[in-house]
Amino acid sequence: MTTQTTSRVDVTPAAANVIDNLKVQHGPLMFHQSGGCCDGSSPMCYAVGDFIIGSTDVWLGKIEDCDFWMSEDQFEYWRHTHLTVDVTPGRGASFSLEIPLGIRFLIRSRLFSEDEMNHLPPVRVGGDS
């Protein structure tokens with residue numbers, strides 16, 4: 001009997017399409033959930049190596065084969081929340097790779113159900129783990 005795990009982060013089809021196009025232009029990508037600097041609390045998309053993951057950043061999973069991270073302090077607030085990366089028209093005020101396209105990534109969130117909470121995978125802390 002296998003136990004199904006619940007993902008902590010997912011992506012809409014529209015955002016997946018943007019991510020796939022950005023990968024063609026920039027190569028492998030990663031995401032870091034902004035904690036309020038620059039573009040509020042938008043997910044930031046970077047080429048792998050352009051953003052250094054800290055020893056206390058928390059890995060939530062992968063979207064479109066891209067690692068998704070957030071700070072440990074922010075994770076304490078969002079640990080009971082499922083995140084969905086989406087995209088919307090408009091220019092954000094950040095260094096995220098989608099900004100020159102006239103669009104920006106955003107987070108849609110909801111609380112996990114009790115059943116989902118019981119099936120969450122463990123998180124990984126730190127970029128060197």
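This is a predicted model: local features need pLDDT of at least 70, side-chain atom pairs count only at pLDDT 80 or more; totals for chains, interfaces and linings use all residues.
**View 1. Helix α1, from its buried side to its exposed face.** Welcome to α1, which spans residues 13-26, 14 residues in all. From its first C-alpha to its last the helix reaches 20 Å, close to the 20 Å expected at 1.5 Å a residue. Look for Ala15, Ala16, Val18, Ile19 and Leu22, the buried residues of α1. They cover an arc of only 160° around the axis, so they sit on the same side of α1. On the face turned away from that buried side you will find Pro13 and Val24, both exposed. Gly27 follows α1, and its phi is positive, near 80°.

**View 2. Strand β2 and its pairing with β3 and β5.** With β3 (residues 43-47), β2 runs antiparallel, joined by 5 bridges; here His32 has Met44 as its bridge partner. With β5 (residues 66-71), β2 pairs in the parallel sense over 4 bridges, and Gln33 has Met70 as its bridge partner there.

**View 3. Val58 and its contacts.** Val58 belongs to strand β4, residues 57-63. This valine is buried, with a relative accessible area of 1%. Leaving aside residues up to four places away in sequence, Val58 touches Phe68, Trp69, Met70, Glu72, Phe75, Val123, Arg124 and Val125. Do take a look at Ser71 as well: Val58 and Ser71 are 13 residues apart in sequence, with their C-alpha atoms 5.9 Å apart in space.

Methods
Residues are numbered from 1 along each chain as its sequence is written. Side-chain values use heavy atoms; hydrogens and water are left out. Helices (H or I, at least four residues) and strands (E, at least two) are DSSP runs, numbered from the N terminus. The expected span of a helix is 1.5 Å times one less than its number of residues. Buried means under 20% relative accessible area, exposed over 50%, partly exposed in between (1.4 Å probe, protein chains only). The arc is that of the directions from the helix axis to the C-beta atoms. Contact means heavy atoms within 4.5 Å. Two strands pair if DSSP finds at least two bridges between them.
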